[in-house]
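Here is a short report on one protein model.

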Amino acid sequence: MASLERTAYPRFKRLISERELREYFTPSAEETAWARERTHDRPGRVLALLVMLKSAARLGRVPKIGEIPEVVVAHVHDQAGLTAGTVPEADSERSEERYRSAVRDRLELKYQPGEARAVAEAAMRVAAPVKAHTADLVNVALEELVRQKERLELPAFSTLDRMASRIRSEVEASQCEAIVARMSDAARERVAGMLEVVEGEYQSLFAWIKQPARRATWSRFRAHAERMERVDGLGDAVFWVGKTPSAKVAALAEQARVLSVGEMKDIAEPRRTAMTVCLLAQVQAAVRDETVVMLSKRLSRHLKRAQEELLEIEKRQKETTEQLLTTFRDVLTALRGSGEAAVGGWEGEASLDDLLALKDARAAIEAAGGFEAQLAELEALDAYRGSNYTALVERFFKPDRPTMFKIARRLSFTATSTDRSVLDSLDHVLAYQHLTRPLVADTHPTRKDKNGESVRLDLSFAPKMWLKTVYSREQPGMLVRRHFEAMVFACLVEELRCGDVAVIGAEDYGDWTRMLLPWEQCEPKLAGFCEQAGLPATASEFTVRLRERLTMIAETVDAGYPDNKDLTIDLVTGVPSLAVRRAGERTASAEKLEEALSERLPARSVLEHLARAAHWTDWWKRPGPRSGSEPKLKEPLPRYVTTAFVYGSGLGPAQAVRHMRGSVTAHELGAIAKRHFTLPVLNRCGADIVNAHIGLDLTAAWGDGSVAAVDGTMMDTVIDNLLAETSIRYGGYGGIAHHLVSDTYVALFSRFIPCGVWEAVYLIDSLLANVAEVKPDTVHADTQGQSFPVFGLAHLLGIDLLPRIRNFQDLTFHRPDPQARYQHIDALFSADPRTCIDWQLIENGWRDLMQVGLSVREGAVSSITLLRRLNNHSHKNQIYKVFREVGRAVRTIVLLRYLSDPQLREQITRATNKAEAYNGYTKWLHFGGDGYLRSRDPELQEKAVKFLDLMASSIIFSTTVDMTDALRQMTTQGWEPNPDDIAALSPHRRDNVLRFGDYDTATLHIPPGPYDSTLRLRANVV
């Protein structure tokens, strides 16, 4: 059976807040009068009818009286003004049924169980081929039932669950049979053999393919190329999978990934083979992405080492340069004063003085080492002129050359535009791989023009310094083969990064243009998309509105400049500067409130905070087996709470169990973390806490959830993993824990990302992946959180991106029109007319903008994949050019707002400070394992970050409840805190959190009492 909590099936929460009671369960005067009339004003029946009415309006079905929580009954009782001691009652089952019918009539709720089951089953059968879990099918059925013109009362959850389980089993069985049917007998035997340990090996192929990639060293790079070859040799898993929906393939693969060989053997055929094939298909795609990442890292290392070598050469050449200058001065001194040589030459017609001068010049050159030595030194200097390090790349590229050629032959590349110049050059390189001669022609080996002459290679993709290196000086039209090979691979990697070249069969580095929704599917959704984002629905109106907005903000800032005391613009350089506004110090009353609050807050262990949040929010009901069924653990809540603590704190299972007095084993904790917690489940668990946290009255003093900030913090990892890098910005070796933090102090979404990427790439996806009810529409970030494409995409999705840009003085302000001039702020804008916004380009590319925006919103393409490809190296990408132009306009608007609005700058500072404070808080909570991640698996690394967030959010929520209780207690003692003092409080407290000691798990199952979300202060301070 599916877990009820994993579905959207309406149900009563175990703990219902005061706010929810007021909003959903308060009967109106008209409803109370209706109930009194229907029951002849008999109090018990009035109460019964009212609680059934309000519950049915909330749930979409009429519950039995005994199913309704006491807190709801008590609230309705008080609001209806009934006499004390009244309890809901019906004289008989027939009376209760009559009440149920009356409620349905009033709510226009149609009770047709057969029709409702038919609608649900039809919806499930349509969705079953693409939905992975029973809970997903239940949700689809609920959506379809709600969409019916005549409101149908929802069937019981058990009815929907049994139906979904049956349909899912039928459809999944047919899909597994279809996968196996596409395999030959030899292929089935080969896949079955993956579960066996071959003699001489220490593990099965099934276990081997699940291993994560390692660090991109020379030996690991070579081993990974062999790994890709071996994985591909297992068979064409993509063909076997066929047209099976990707969601179903991913679900079967994930189930196989967490099972051992022995457990896989317990699964019946054909499901076992289908699960193995789906896992193999995912591994074959992942190994290609990992190969590209390794290739990129190896080339980056070679280029960096070449640049470092050039610096050393330049230091050594300083002496050579000085020597050459000395020789040249001696030659000039010897020749000075001599006559000009005649046309016939020095020897025949020169004067005696000229001959003597020439003799002295030759003597000077010979004294410096001779003509050949001097020419060689000049050639060496000329080779690296202009910091041209490309001639040095080949020596570092050479050890990786065999592996890179093997990879180039194994991978299938495709151009995402009509420009194939890099791939043509790669074909040329591969054709001459085994030659030993130093030079090759710069023409296609087989392609001829209409005159029968060989076609020259198009090397326009290469930078000028590379072209200077690869062409032979002695033989025009010939390429220095070794340098040419290094250049082609370096440029290939660059085009893979920006998406101009894709890898067939890869996921992250696949052809992203094919992932976009076809325009035919976009058109019906366009009006709704534009309405939701607040955009005009035509190209001309979209362009005009953006232009008017930029024009208006520029004119407004110009008019307000004389009154803007913070902004100063240098009239000569045009460089703006802002006066520093010092933050106000905390008042004495705020300090006093903080001190009094600290004295009253109870100190609790991390486990107690986690358990309280789990009991109150029921997040512990979301984890479970990958199949979607109910967990079979004896006591799920203590196990899940303990797992969250063990992995969130960084202790790890082996270390943690030593402090838990044998209540749990390390193996059990590891299995739970691996099999019961997925990344989406952890997101949902965190969202449950965020939703409860925003319901506390105290959080309204800090914000309403409409504002958030993104920020990253360094987390060290073990060295031998593919994601980890050395961070220049943060220091250390590892990755970045990237958080989206609400203005209410809790994280809405987090992920683990590499150090070497621009953090802005992940900003949009964090907002879209946030599943909490708190949906911010304004996002702040630091300088890493912005780029032209990110500004453009945020604008399309209706997101107000307002980063803190420290280097705003160095950025270009783009004029809305070449003729636009301003009295006070004109110096801000570039005088180059080429920097003006190209509105025609935006209007012409509007369709591309809408197609991309809709594809991102619908989940057809990840915004991370998109923004990785849309960067300033995308010279061939027309979509990038349109996004860049929109981004220029939006960024100029943001910069003008930033310079002219001190309140906005203060808001940005507050939001980013909260994000930075959250990072510091999570670092303090991640106290185990020396503070670094020990796993090499990227999924487990991201799980560790999300477990840490789950732990931090639980502590913040539990602490905020304690703060609310303490503030209420203080009001009874005569305190009357003012709003500013309460707003200055923070739930990122450390004095009430006990991190160390023995961790008692024996009492985790005991629920705490219900919490009160209301402040009820004497003054209306929130």
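## A cis proline

P270 sits in the loop between α14 (261–265) and α15 (271–335). This is a predicted model. The peptide bond from E269 to P270 is cis, and its omega is near 5°. Most peptide bonds are trans.

## Positive phi at two aspartates

Most residues other than glycine have a negative phi. D41 has a positive value, near 60°. D41 is found in the loop between α2 (29–38) and α3 (43–59). Its relative accessibility is 42%, so D41 counts as partly exposed.

D618 also has a positive phi, near 65°. The loop that holds D618 runs between α27 (606–617) and α28 (636–648). Is D618 buried or exposed? D618 counts as buried, because its relative accessibility is 12% and the cut-off for buried is under 20%.

## Helix α39

α39 has 35 residues. From first C-alpha to last, α39 reaches 52 Å, close to the 51 Å expected at 1.5 Å a residue. Of the 35 residues of α39, 29 are buried, so the helix is largely enclosed by the rest of the structure.

Both ends of the helix have details to check. At the start of α39, a side-chain oxygen of D937 comes to within 3.0 Å of the backbone nitrogen of E939. After α39 comes G974, with a positive phi near 105°.

## Cavities

The structure holds three cavities of 30 Å³ or more. The largest cavity has a volume of about 130 Å³. Which elements give two or more residues to the lining of the largest cavity? They are α31 (679–694), β13 (747–754) and α39 (938–972).

The lining residues of the largest cavity include L682, N683, F749, K946 and D949. By class, this lining has six nonpolar, four polar and two charged residues.

## Cysteines without a disulfide

A disulfide is a covalent bond between the sulfur atoms of two cysteines. How many disulfides does the structure hold? The structure holds zero. C176 is in no disulfide, and the nearest cysteine sulfur, that of C278, is 7.0 Å away. The sulfurs would have to be within 2.5 Å to count as a disulfide. C278 is likewise in no disulfide, with the sulfur of C176 as its nearest cysteine sulfur.

C176 has 2% relative accessibility, so it counts as buried. C278 counts as buried because its relative accessibility is 0%.

Methods. Residues numbered from 1 in each chain as written. Predicted model: local features only at pLDDT ≥ 70, side-chain atom pairs only at ≥ 80, totals over all residues. Heavy atoms only, no water. Buried < 20%, exposed > 50% of the residue type's maximum accessible area, 1.4 Å probe, protein only. 1 Å grid on protein atoms, 1.4 Å probe; cavity = no way out; pocket = protein on both sides within 12 Å on 5 of 7 lines; lining within 4 Å. Points joined across faces, edges and corners; volume = space filled by probe spheres on them. Helix = DSSP H or I, 4+ residues; strand = E, 2+ residues; numbered from the N terminus. Nonpolar A, V, L, I, M, F, W, Y, C, P; charged D, E, K, R; others polar. Expected span 1.5 Å × (residues − 1). Polar contact = N/O pair within 3.5 Å; in protein donor to acceptor, adjacent residues only side chain to side chain.
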